[in-house]
Amino acid sequence: LPCLLHLLTVQDVHHGNGTQEVFYSDPSVLYISLHRYDNGNFFPGSGHPSEVGASPGEGFNVNVGWMGGLNPPMGDAEYLAAFRAVVMPIAHEFSPDVVLVSAGFDAVEGHSSSLGGYKVTAKCFGFLTRQLMSLAGGKVVLALEGGHDLKAICDASEACVSALLGMEVEPLSQSVLDQKPCENAVLSLQKVIQIHGENTTCHVTSRTISNMTLRGLVALWKIHAVSAIASLSMGSLTSDR
Ligand SMILES: [Zn+2]
């Protein structure tokens, strides 16, 4: 049987430490987590970008660990930038057969600082879901895994399910689209790109993934990262999808 490639994204505000451990050496699962990290000072403390996987899964574990605390809290501009600079380029190159999302909604606005304190809108999560649906022929599975504020969970779940159903979703406002990600977010994304960019020598012996693919992935990623971070305008981030 051909091996299925899975993209697993963890969008909970906490690092997906258990899931990372399960697939750490598995190159057939590309794991990408976006989470509050703050030098390991936010629960559970793991998820540094240098946790890149172990051979033969080296390079297939991607941690976007946000730095800088709540100065300011990460929101739509920062999550859109992460998708543009890191998640979507690497995911398209990986070309998964199935996309699985750990849909934790504690990054949604409405959570206290100890529970994340981020300000991502429900609408933005719907938008991100639509982006993921451009992968794997639209085979996207969301598993509700987190969130502590009922209104935030309801609103974000509704936005994501609407996206999955192909319903017309309310567009993000122009002010959101024009907003640039904060400096701490740009630094966090640059760190991820720097670490994975240096990772080109890793040898991948997967059944279906060649070195070529991984190198291509990194090269492509760098190009996207440069254009995405250097000249970041959220309008340009959304116009090319
Ligand atoms: Zn959580």
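Guide: N39 sits in the loop between strand 2 and strand 3. This is a predicted model, and what follows should be read as a description of that prediction. The backbone at N39 has a positive phi of about 55°, although N39 is not a glycine. Is N39 buried or exposed? Its relative accessibility is 58%, and N39 therefore counts as exposed, since the cut-off for that class is over 50%.

The loop also holds P44, between strand 2 (29–36) and strand 3 (61–66). The peptide bond that joins F43 and P44 is cis, with omega about 0°. P56 is likewise found in the loop between strand 2 and strand 3. The bond leading from S55 into P56 is cis, its omega being near 0°.

A positive phi also occurs at S95, which is not a glycine either; the value there is near 55°. S95 lies in the loop between helix 2 (76–94) and strand 4. With 45% relative accessibility, S95 counts as partly exposed, because that class covers values between 20% and 50%.

Now the metal site. Which residues supply the protein donors of the zinc ion? They are D12 through OD, H14 through ND1 and D106 through OD, at 1.9 to 2.1 Å from the ion. Written as a sequence pattern, the spacing of these donor residues is D-x1-H-x91-D. H14 and D106 link distant parts of the chain, being 92 residues apart. H14 belongs to the loop between strand 1 (6–10) and helix 1 (17–23), whereas D106 belongs to the loop between strand 4 (98–104) and helix 3. Both H14 and D106 are buried.

Two helix pairs remain. Helix 2 packs against helix 6 (residues 183–197) at an angle of about 20°, and the two axes are 10 Å apart. Angles under 35 degrees count as roughly parallel, so helix 2 is roughly parallel to helix 6. The crossing of helix 2 past helix 6 is right-handed. On the helix 2 side the contact is made by E78, A81, A82, A85 and V86, and on the helix 6 side by A185, L189, V192 and I193. By class, eight residues of this contact are nonpolar, none is polar and one is charged.

The other pair is helix 3 (residues 122–132) with helix 4 (residues 150–164), where the packing angle is about 30° and the axes are 8 Å apart. Helix 3 and helix 4 are therefore roughly parallel to each other. Their crossing is right-handed. From helix 3, the residues A122, K123, F125, G126, T129 and R130 meet D155, A156, A159, C160, A163 and L164 of helix 4. The residues of this contact divide into seven nonpolar, two polar and three charged.

To return to the loop you asked about: between strand 2 and strand 3 are N39, P44 and P56.

Note on methods: Residues are numbered from 1 along each chain as its sequence is written. This is a predicted model: local features need pLDDT of at least 70, side-chain atom pairs count only at pLDDT 80 or more; totals for chains, interfaces and linings use all residues. Side-chain values use heavy atoms; hydrogens and water are left out. Axes are lines fitted to C-alpha atoms, for helices over the stretch in contact, and angles run from 0 to 180 degrees between N-to-C directions. Helices (H or I, at least four residues) and strands (E, at least two) are DSSP runs, numbered from the N terminus. Angles under 35 degrees count as roughly parallel, over 145 as roughly antiparallel, 65 to 115 as roughly perpendicular and the rest as oblique. A crossing is left-handed if the near helix is turned anticlockwise from the far one by less than a right angle, and right-handed if clockwise. Contact means heavy atoms within 4.5 Å. Ala, Val, Leu, Ile, Met, Phe, Trp, Tyr, Cys and Pro count as nonpolar, Asp, Glu, Lys and Arg as charged, and the others, Gly among them, as polar. Donors are N, O and S atoms within 2.8 Å of the metal (3.2 Å for Na, K and Ca); water is not among the atoms, so sites may look incomplete. Buried means under 20% relative accessible area, exposed over 50%, partly exposed in between (1.4 Å probe, protein chains only).
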